[in-house]
Amino acid sequence: MPIKIEIDTGSGFCFGVTTAIKKAEEELAKGTALYCLGDIVHNGMECERLRRMGLITINHDEMARLHDAKVLLRAHGEPPETYELARRNNIDIIDATCPVVLQLQKRIKQQYESSPAVGGAAIVIFGKKGHAEVLGLVGQTKGTATVIESFDEAKKLDFTRDIYLYSQTTKSLDEFHRIIAYIQQHISPTATFRSFDTICRSVANRMGGIAQFAVRHDLILFVCGRKSSNGKVLFNECQRVNPNTHLVEGPSEIDPKWLDGVTTVGICGATSTPKWLMEQCRDAINAIPIDKK
């Protein structure tokens, strides 16, 4: 009996990633050199597709040596210093910062500028240290914001100070709420605490849908680049409801042994996973000889 394969219709690029890739493709179609500051998306195979089209990925040090060039800023956003560098070096910026991230940057900058220079409120960001989006957010505070990666790190905050809590847009909503509850319980009576739910609903709203999808199948293939932050959150949710969940970056990582005794396979992915890659994984399963399934 053939294996039934379903691709999750709710998986695939979010609005921000779709816009960034569309802008890159439009610029590359003009035939001019286009640089991208960092991987345009946390998916190696999509980055390779765009590289073949001519997109040149660079880091910040390489951008500092560029002059009179065109550079695309990806959906994750950048700190103010990047824009200042572009101005100095006469670099034409193609800004693909996600509108959700851009709004968050503005909110954090406004909070920072309204706080006293000495003894002001602690601006705390729940996010992954070193992540491109988080670096852009911290940059709005001239490097003074505190980044916490987990609930346990929230316990180490100074609860005698006013705390303004924000989140990287792709973090877990449940863990964010746990952090809020803990701070509310421990904040000093003389200090102010305010939290701002800045988690993107494009990710948060996928949690329930992807869980419902995962329980319907014997095997789940979660297709995702291993650098993806929202991919980690969504993969963990799949694995929580269906332990027979495997993360693969592409069809070459599919182990035919996973298909033993399986009648249904669900294929899903992160907001950085292209639909064409999930379709390639489906085709790879269909190409496996029946006696090896």
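1. Sheet order. In this predicted model, four strands make up an open sheet with parallel pairing, in the order S1-S12-S10-S11. Strands here are DSSP E runs of at least two residues and helices are H or I runs of at least four, both numbered from the N terminus; two strands pair if DSSP finds at least two bridges between them. S1 (4–7) and S11 (245–248) are the edge strands; each has a single partner strand, so one side of each has no neighbour in the sheet. From one strand to the next the twist averages 20°, with axes taken as lines fitted to C-alpha atoms (for helices, over the stretch in contact) and angles running from 0 to 180 degrees between N-to-C directions.

2. Basis of the values. Residues are numbered from 1 along each chain as its sequence is written, and side-chain values use heavy atoms, with hydrogens and water left out. Local features need pLDDT of at least 70 and side-chain atom pairs count only at pLDDT 80 or more, whereas totals for chains, interfaces and linings use all residues.

3. S10 and S12. Strand S10 (residues 219–223) and strand S12 (residues 264–269) run parallel and are joined by five bridges. Leucine 219 has valine 265 in S12 as its bridge partner.

4. Helices on the sheet. Helix H9 (residues 201–215) packs on the sheet and touches S1, S10 and S12, its direction making about 160° with that of S12; contact means heavy atoms within 4.5 Å. Helix H11 (residues 275–287) lies across S1, S10, S11 and S12 and runs at about 155° to S12.

5. The 15 residues of H9 reach 22 Å from first C-alpha to last, close to the expected 21 Å, where the expected span is 1.5 Å times one less than the number of residues. H9 has a kink of about 35° centred on methionine 207; the bend at a residue is the angle between axes fitted to the seven residues ending there and the seven starting there. Its buried residues are Val203, Ala204, Arg206, Met207, Ile210, Ala211, Phe213 and Ala214 (buried: under 20% relative accessible area; exposed: over 50%; partly exposed: in between; 1.4 Å probe, protein chains only). The cover over these residues includes S1, helix H8 (173–186), S10, helix H10 (229–241) and S12.

6. Leucine 219. This residue of strand S10 counts as buried because its relative accessible area is 1%. Beyond its neighbours within four places in sequence, leucine 219 contacts Asn244, His246, Trp258, Leu259, Val262, Thr264, Val265 and Gly266. Asparagine 242 is 23 residues from leucine 219 in sequence and 7.8 Å from it in space, C-alpha to C-alpha.

7. Other salt bridges. Glutamate 84 and arginine 88 form a salt bridge at 4.0 Å, N to O; both lie in helix H4 (residues 80–88), four residues apart, about one turn of the helix. Glutamate 84 is partly exposed at 32% relative accessibility, and arginine 88 is exposed at 52%. Aspartate 197 and arginine 201 form a salt bridge with closest N and O atoms 2.4 Å apart. Separately, Glu25, Glu46 and Arg49 belong to one network of salt bridges that share partners.

How values were computed: A salt bridge is a side-chain nitrogen of Lys or Arg within 4 Å of a carboxyl oxygen of Asp or Glu.
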